[in-house]
Amino acid sequence: MKNPRRRKLPVPTAGALVTALVLCPSALAQTFLPPLDQLASTTQAANPSDPGADDARFRSQVARSHALFEGQRDETLREAFEAQWGEAPAAALESLLLRAGSEPAPALTAALSVRREQSRQDALALIRTDLAAGGERALRWLARIELSLSAASARERAVGSAAQDRWCAAARLVAELELRQLAPRVAAGLAQGASDRVREGARSALFRSFRRWFDDERTFGAFWERARDLGPDQLFLEDLRAEQELAQLRLERLVELDPNEAVHGLEDPDPALRAYAAMALAAGVAEDRVRPQEAVDQLLRSLEQEVDPGAFHASFEALLLLLGGAPADSAGVRALRETLDQSAARHPHLTWTLVSAYARLPWDDSGGDGSSSAAPDSLAAGIARIAGLFGERVSSERLLDSDLLASSIESLRSLCARAPADVDHSRSLAPARDALRYLLEGHQGSREVRLAAASAASFVLSPADAGMLVDVLQSEGSPPALRHELLGSLGRLALRVEADSEVAARVFSALVSHVGGPDADLRRRALDVLAGESLELLVQARGAELLLAPLVHSLVREDQAELQARMLALLGRFEAPEYVDTILDAPNFSALAAGDSRRLFELAATLRRLAGADAGRVLRAAESLLGDSNPAPKGDESPRLARLESALSLACLLPQEGLPSITPRQHLEVVGWASELRRSLAGSAGASEAMQPFLERLVSVHLPGVSQADDQGSEVFAHIRALLMGDLFLLRDPQGDPRAILSQYQKALALAQGEESLQAPPGWSLPGVDEVRRDRARFLVASGRGREALADYRALITRGGAHALPVASMALELSDLRRAAALIGEPAPGAERDRRGASGEAFQVSLALVRRPNWHDEPPTVRLQDLRDLATRAMRSHDAAAVESVRSALADVPTQPGVPTPDVQPSAEVRLWSGLDAEPDWHATLLTIKASLPTGTDPEAAGGASVEGSGEAGDQGPTQSLDAPTSSDRR
């Protein structure tokens, strides 16, 4: 079997490193430590005014020193100690003694355990340095250690974990510093009446000093009579250490051969070996070499007897592994729970280890609410156990281990978080409430303890405690991290507070006050809490009264985009038109309206909700969103488009009751925005379903209203009316009757051709003939009436005279040319005999398409398809000149991707295929198109041929070089 331990068992070391020199600790003790019978008088002489441990003022000073030393390392610890020495030397000594003699805490995380050990070693090094320096400081240290082990302290050894902590820390220091003359004081801990914890601490300390186990004071006394004057060599300490290591190796070897042998290690006096044996048994079960039930029984018996925290934790971990997945009411889990209960009653020093263990046990969360009738395996019973242990320990002692305390609070919080939201565990948690209040209000301990307490507050405290949390939150001494946790707890606790109560108002005001505070993290946290679903009812009930004014005030001063968005989302829950002007007039409004389209739409949604049915404020907000920005240059239209869309979203979603107050001039302004947006989106795929509400409002409300804005009548707006009605028609019923829309297009065309002598209103421009024809053709194609669109497309394509080169009108976009070529290249039913002529005509349209300078900006796959269509239409036209022009354009396509052909002189012109030879797939397509072209002069050889993947084509007329655009093409 593999060794279940990851590292060698720890063996206590002798000797001491002293700052700047190495001293023999025995020599140090002999130099500074008087004989045992003179130690009491020496202690009294060196410490005539040292207070006792019962002194309340002294305990307060020790707590202060403990807090000052928290987290200090090396030189900073020395500086803190010296500063505290000048103020309260006895308290400084006591606090550092407790730190240097602290025991390992197995229930903590590995990282925290390492940090604790580093802190302990730093404190130990400081004490060694003081002892090595001699003088009064060394005597005071020795006296403090002796005082902790004195007869006065012996009375406390059976009661009070604080006294036991002090005694065990001093005993451990005696061993660490090899102050063997104090060993009889340590051996007093083996006396009858001492607690199990003190007895274990005395046995471990004496073992570290002499490498022998002593079971009682008499056995040690007999040994001491012979050993008091002997040095380390004469005590054979190194030999005994080697023997112990050999015994450890033998046990490990036996366990590897047979894991059942680990049972014997459970009874070893060394707690490290007991811990090893427990984990070895669990590993043996995992390898199917130890019977599970036998291992569980052995570990339960061992756990029942265990008093060492490390060995206890190891046995519990092993049992948890063996019982993993078992339900809360299974026999094994119940036996483990009962064993933990017995340990809790008999061994107070295991409190924090037990709290961690209870939190990890399986519990039945369907149980009661902590009443006396709750099942022992219910979650309520588990919470009650932890709350009872936690509350009793905190209430009985004021100097607590910060790491263990914070870990225990987290254990309590994690168990409470498992409880169903609809179950009240207030009875179970009652013992922990006073303790948590004390830790939040008056505890002078570590930052971690208060943070843990703040995080658990919403689970443990009652709604009546919300006011206390507000006081802590608003106190000047509360650090930002603590406030961050308190804000979250207040948000959760507010769920259980009556919305119309004074406590609710205090909680709400405290949250709101942090929305405009100087700390960005706290502003973010407060906004998260206020915007959360949990506080939705409270926000709705008290928001207009307590939140709106400060939130708007904070918004107009906020400079972080993320927090602005959160504030806007929260403001969007209210209707308050009077605050719209405040936001629009704010100096940072331009920053609020900056950014991507999502930010603009969030701002628009907030302003729309705030304005309600106030049409004047809605339209003013829309104007402000649009700003004074001019239309963006071509190719950079997105900011302007986003502003237009957000402005229209405001205007077109105005509540119905606000519509009558809109003036004709305001209708005209809205339609103008729609017209600009529609022109910017020309050639796109059309309106999406999300636009239908806007289109319906524009068509049914604003277009009729705009006709009253000018004496010229509605004919001026025929074009925009046709566009918007067409978009709505395509969304509703593309197969319906389009005559009303085509009628509007005809009116717009007549106006563009000068048949109507109407003047556009100020700021309004009338469309040209090409624009109207193009838009009508697009509508006809989109509605499935492509054959009807051909007349408009041909009129646009051939404008410029019968003898001029048939270049497409610049009103047509590339997508229009593709649609026109496809329509022209497919003859009407019954006209198949004209296919050759149609293909020739379509070829000329394709030619105009690929000669457009911006065609090279199209995606490669689109350009390749256009080239396929061009070659196919040239071949179907049976026009030798057309075929030759395509072949010539593709003649110098490289034979290898991206590698020019050596025997082909590169052209100075930009080639049609430029950029399409970089990728192997694109290059292969180019070669396929090139190979499909006939090599002879007779185009009949290619009659009807097409390139794979092409569409239909056609066009006829003069053929020119494909790569030499004319001056008209360069526009």
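## Terms and model

A crossing of two helices is left-handed if the near helix is turned anticlockwise from the far one by less than a right angle, and right-handed if clockwise. Helices here are DSSP runs of H or I with at least four residues, strands are runs of E with at least two, and both are numbered from the N terminus.

This is a predicted model, in which local features need pLDDT of at least 70 and side-chain atom pairs count only at pLDDT 80 or more, while totals for chains, interfaces and linings use all residues. Residues are numbered from 1 along each chain as its sequence is written, and side-chain values use heavy atoms, with hydrogens and water left out.

## The chain as a whole

The protein chain holds 45 helices and two strands. Of its 971 residues, 51% are buried (under 20% relative accessible area, with exposed over 50% and partly exposed in between, for a 1.4 Å probe and protein chains only). Contact means heavy atoms within 4.5 Å. Among contacts between residues at least 6 apart in sequence, 73% join residues at least 24 apart.

## Helix pair α6 and α7

Helix α6 (residues 110–133) packs on helix α7 (residues 135–148) at an angle of about 125°, and their axes are 7 Å apart. That angle makes α6 oblique to α7. Axes are lines fitted to C-alpha atoms, for helices over the stretch in contact, and angles run from 0 to 180 degrees between N-to-C directions. Angles under 35 degrees count as roughly parallel, over 145 as roughly antiparallel, 65 to 115 as roughly perpendicular and the rest as oblique.

The crossing of α6 and α7 is left-handed. On the α6 side the contact is made by Ile127, Asp130, Leu131 and Ala133, and on the α7 side by Gly135, Arg137, Ala138, Trp141 and Leu142. By class, the residues of this contact are six nonpolar, one polar and two charged. Ala, Val, Leu, Ile, Met, Phe, Trp, Tyr, Cys and Pro count as nonpolar, Asp, Glu, Lys and Arg as charged, and the others, Gly among them, as polar.

## Helix pair α37 and α38

Helix α37 (residues 718–732) and helix α38 (residues 739–752) meet at an angle of about 155°, with axes 8 Å apart. The two helices are therefore roughly antiparallel to each other. The crossing of α37 past α38 is left-handed.

From α37, the contact uses Ala718, His719, Arg721, Ala722, Leu723, Met725, Gly726 and Phe729; from α38 it uses Ala740, Ile741, Gln744, Tyr745, Lys747 and Ala748. Nine of the residues in this contact are nonpolar, three polar and two charged.

Helix α11 (residues 196–210) has 15 residues, which should span 21 Å at 1.5 Å a residue, and its end C-alpha atoms are 21 Å apart, in agreement. The expected span is 1.5 Å times one less than the number of residues. Twelve of the 15 residues of α11 are buried, so the helix is largely enclosed by the rest of the structure. The buried residues include Arg197, Glu200, Arg203, Phe207 and Phe210.

Glu200 is in α11 and counts as buried at 11% relative accessibility. Leaving aside neighbours within four places in sequence, Glu200 is in contact with Pro271, Arg274, Val307 and Asp308. The C-alpha atoms of Glu200 and Leu190, ten residues apart along the chain, are separated by 8.3 Å. Just after α11 comes Arg211, with a positive phi of about 60°. Arg211 is in the loop between α11 and α12 (217–227) and is buried, with a relative accessible area of 6%.

## Glu178

Most residues other than glycine have a negative phi. Glu178 is not a glycine, yet has a positive phi of about 55°. Glu178 belongs to the loop between α9 (161–176) and α10 (183–187), and counts as buried at 6% relative accessibility.

Helix α27 (residues 520–531) has twelve residues and reaches 16 Å from its first C-alpha to its last, close to the 16 Å expected at 1.5 Å a residue. Its buried residues are Ala520, Leu522, Arg523, Arg524, Ala526, Leu527, Val529 and Leu530. These pack against α25 (480–493), α26 (502–515), α28 (536–555) and α29 (561–571).

Ser458 lies in helix α23 (residues 447–460) and counts as buried at 5% relative accessibility. Beyond neighbours within four places in sequence, Ser458 is in contact with Ser489, Arg492, Leu493 and Arg496.
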